[in-house]
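Subject: Structure for your review

Dear colleague,

Please find the structure below, followed by an account of what was found in it. I would be grateful if you could read the two side by side.

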Amino acid sequence: MSAAPASEAEPPGLALPPAPIREPGAASRPLLELVGLTKIYGEGTAAVKALGGVDLSVQAGEFVAVMGPSGSGKSTAMNILGCLDTPSGGAYLFRGVHVEKLTGKQRTLLRRHFLGFVFQGFNLLARTSAEENVELPLLYRGVSTAERRTAARIALDSVGLKGWEGHTPAQLSGGQQQRVAIARAIVTKPSVLLADEPTGNLDTQRSHEIMDLITALNRDLGITILMVTHEADMAAYARRIVSFRDGLVESDVENQPREEAG
Amino acid sequence: MLWSTILLAIREIRRNLMRSFLTVLGIVIGVSAVITMVTLGNGATQAVADQISSLGSNLLILRPGQRVGGPGGGGGARRFDVRDAEAIRSQIGSIKAVAPTTTSAVTVIYGAKNWSTTATGTTSDDFVAANWHLASGRVFTEAEEKNGKAVCVIGETVRRELYGAQAPVGTGMRVKGFSCEVIGLLASKGQASGGQDQDDTVILPLRTVQRRITGRPTVNTILISVKDGASSTAVADQITGLMRERRKITGAKEDDFNILDTKEIAATLSGTTKTLTLLLGAVAAVSLLVGGIGIMNIMLVSVTERTREIGVRLAIGALEGEVLLQFLIEAIVLASIGGLVGIALATIASVVLTKVMSVPYAFNVGINVLSFVFSAAIGVLFGYVPARRAARLNPITALRHE
């Protein structure tokens with residue numbers, strides 16, 4: 001991944017659009033629910049149990065940090081929660097819908113309409129402007145050109161990248177690239193934002209800026225956040241911390257979020 | 001949906017200009033090489049066919065000596081004379097013209113210029129048999145032939161060398177020391193397949209050449225033009241019989257003369273050029289293959305980057321079918337552009353090269369379609385298959401592809 005010169009100033013301020021996305025009355029039932037979820041890779045004697053019966057429920061509007069050492073099963077659980085992978089056993093309910101029984105196409109449509117993704121490696125399209133990157137999910141939703149453009153500009157504005165719409169990833173710093181990726185994830189107004197080590201490739205200052213942004217998305221837009229991280233500093237932003245170990249949930253605790261930097 | 005995918009594909013092509021250019025280049029080279037080579041091969045074949053027909057159709061050439069070392073192998077065999085030609089004319093059917101011919105190297109002079117050429121002594125039948133046409137003037141009359149008048153019909157090369165811009169007909173030209181009236185100018189035939197200039201000649205009545213140039217009553221060759229529709233082989237057999245009789249060759253003794261059939265020559269030559277065209281086609285096929293491998297390489301090299309891209313698209317909610325359609329359209333658009341540019345380039349190259357090689361140009365639909373379809377198929381196949389493999393991956397695996 002490329003990094004722009006350090007002298008480049010990132011525009012301050014997070015002007016978020018006011019419209020909340022929270023589902024009314026959703027609090028009565030968990031948004032996401034894992035029941036005895038198992039995942040086994042390989043077969044026979046070579047089989048590896050990545051998840052050994054996980055129970056977890058997440059209410060709409062929560063901000064959950066998922067922690068755990070490598071091989072603890074946290075990434076596997078996140079992939080299943082993100083409808084990118086299927087469980088070997090148990091149930092995964094998304095708003096009461098059994099995801100494990102859906103076809104691949106149905107899971108894709110579920111991702112398209114309800115989920116947003118932010119990856120550690122940003123994964124923006126190369127040689128493609130920030131605006132076009134952000135427009136991409138809308139393209140697959142069949143949104144018209146003019147609406148795509150407006151929505152992409154609002155999303156970029158909300159992550160503090162007003163004026164950077166025409167820049168390609170190579171012309172942006174790592175922090176800016178991750179902001180573009182976040183804008184791409186929220187442009188569809190998803191119910192859930194899944195972030196896989198979103199600060200893993202960033203320095204401390206940029207990491208805190210990104211965390212502030214994610215916190216604001218949760219607080220102001222009501223987007224449910226599931227974030228994998230192995231840094232306690234970053235997990236401290238969440239209001240709930242779930243720790244995995246050896247394919248099981250080791251601890252699940254409330255957290256008093258640290259005060260925001262700005 | 002389809003339209004937005006097409007737009008998406010075109011945007012991707014523009015975004016990756018270098019990769020797109022290299023892919024297109026591979027197809028362009030493949031397509032244009034094949035088309036150009038096959039067109040040139042066909043042109044050469046056509047040129048040979050034209051030259052053969054300029055020799056004269058259904059022409060038999062009777063010469064003394066056995067056919068061993070190519071043309072002119074007279075050896076010690078007795079030469080023919082006018083009486084042999086008359087015997088053929090009177091005793092053998094299905095003949096259009098018989099032209100006893102004798103040739104001799106001469107220097108011709110007009111004004112201050114001189115030129116070394118071949119004097120051909122023959123009868124007016126020769127113009128029929130050898131397929132000569134007149135650009136201006138006339139051929140000699142029977143009386144001029146009989147009396148051995150000093151008249152001549154000159155070829156285009158002789159005219160150019162001696163007369164320049166001046167009209168030759170009606171002038172007096174010196175041929176080996178005697179003055180000769182130019183009565184006609186031959187229409188140009190161009191080079192023969194052997195490479196010699198057929199227009200570098202002066203045609204005079206046979207008797208004039210015999211008396212004033214060679215000093216002998218014999219002839220080198222007798223040209224016999226067979227009537228259209230008649231079998232030249234059958235006529236050649238009859239002539240062989242007649243000549244054996246006249247030259248008193250009996251039993252198992254071999255002929256001391258030979259008959260060349262232009263049809264046979266034509267068959268041999270067109271066989272050769274067909275082989276040549278096949279060879280060119282094979283070379284072209286190899287270049288098409290190399291072009292195809294180039295396309296394949298570019299497509300496969302970009303697969304790492306594209307696999308991650310596919311991972312992103314799938315993760316954010318693109319269906320496998322949508323991603324594949326986009327890649328398929330990209331491949332088709334690139335292949336089509338490459339194919340069309342290749343055809344355009346090949347057409348220009350073919351027109352120029354056929355002109356340089358002075359062979360006729362003809363647009364060959366078959367090879368254009370074939371090479372276009374072949375390279376387009378390679379482009380689409382190698383653009384699509386890796387994309388399909390990537391699209392079937394779990395999005396997470398695709399995203400982590402290194």
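A crossing of two helices is called left-handed if the near helix is turned anticlockwise from the far one by less than a right angle, and right-handed if clockwise. This is a predicted model, in which local features need pLDDT of at least 70 and side-chain atom pairs count only at pLDDT 80 or more, while totals for chains, interfaces and linings use all residues. Residues are numbered from 1 along each chain as its sequence is written, and chains are lettered from A and ligands numbered from 1 in the order in which they are written.

The helix pair in chain A

Helices (H or I, at least four residues) and strands (E, at least two) are DSSP runs numbered from the N terminus. The crossing of helix 3 and helix 4 of chain A is right-handed. Helix 3 of chain A spans residues 130-140 and helix 4 of chain A residues 145-158; they pack at an angle of about 120° with their axes 9 Å apart. Axes here are lines fitted to C-alpha atoms, for helices over the stretch in contact, and angles run from 0 to 180 degrees between N-to-C directions. Helix 3 and helix 4 of chain A are therefore oblique to each other (under 35 degrees counts as roughly parallel, over 145 as roughly antiparallel, 65 to 115 as roughly perpendicular, and the rest as oblique).

On helix 3 of chain A the contact involves residues including A:Val134, A:Leu138 and A:Leu139, and on helix 4 of chain A residues including A:Ala151, A:Ala155 and A:Leu156; two residues are in contact if their C-beta atoms, placed from the backbone, lie within 7 Å. The residues of this contact comprise eight nonpolar, no polar and four charged. In this scheme Ala, Val, Leu, Ile, Met, Phe, Trp, Tyr, Cys and Pro are nonpolar, Asp, Glu, Lys and Arg charged, and the others, Gly among them, polar.

The sheet in chain A

Six strands of chain A form an open sheet with mixed pairing, in the order 6-7-8-3-9-10; two strands pair if DSSP finds at least two bridges between them. Strand 6 and strand 10 (248-254) of chain A are the edge strands, each pairing on one side only. Neighbouring strands of the sheet are turned by 15° against each other on average, direction ignored.

Strand 7 of chain A (residues 192-196) is largely enclosed by the rest of the structure, because five of its five residues are buried (20 or more other C-beta atoms within 10 Å of a residue's own; 12 or fewer is exposed, in between is partly exposed, and C-beta atoms are placed from the backbone). A:Val192, A:Leu194 and A:Asp196 lie on one side of strand 7 of chain A, and A:Leu193 and A:Ala195 on the other. Strand 7 of chain A pairs in the parallel sense with strand 6 of chain A over four bridges and runs parallel to strand 8 of chain A, joined by five bridges. A:Ala195 stands opposite A:Val118 and also opposite A:Met227 in strand 8 of chain A.

Helix 1 of chain A (residues 74-81) lies across strands 3, 7, 8 and 9 of chain A, running at about 150° to strand 8.

Chain B and the interface

Between the chains, 18 residues of chain A are in contact with 18 residues of chain B. Helix 2 (104-114) and helix 3 of chain A are the elements giving two or more residues to the chain A side. Chain B has 13 helices and twelve strands, and 40% of its 402 residues are buried.

Yours sincerely
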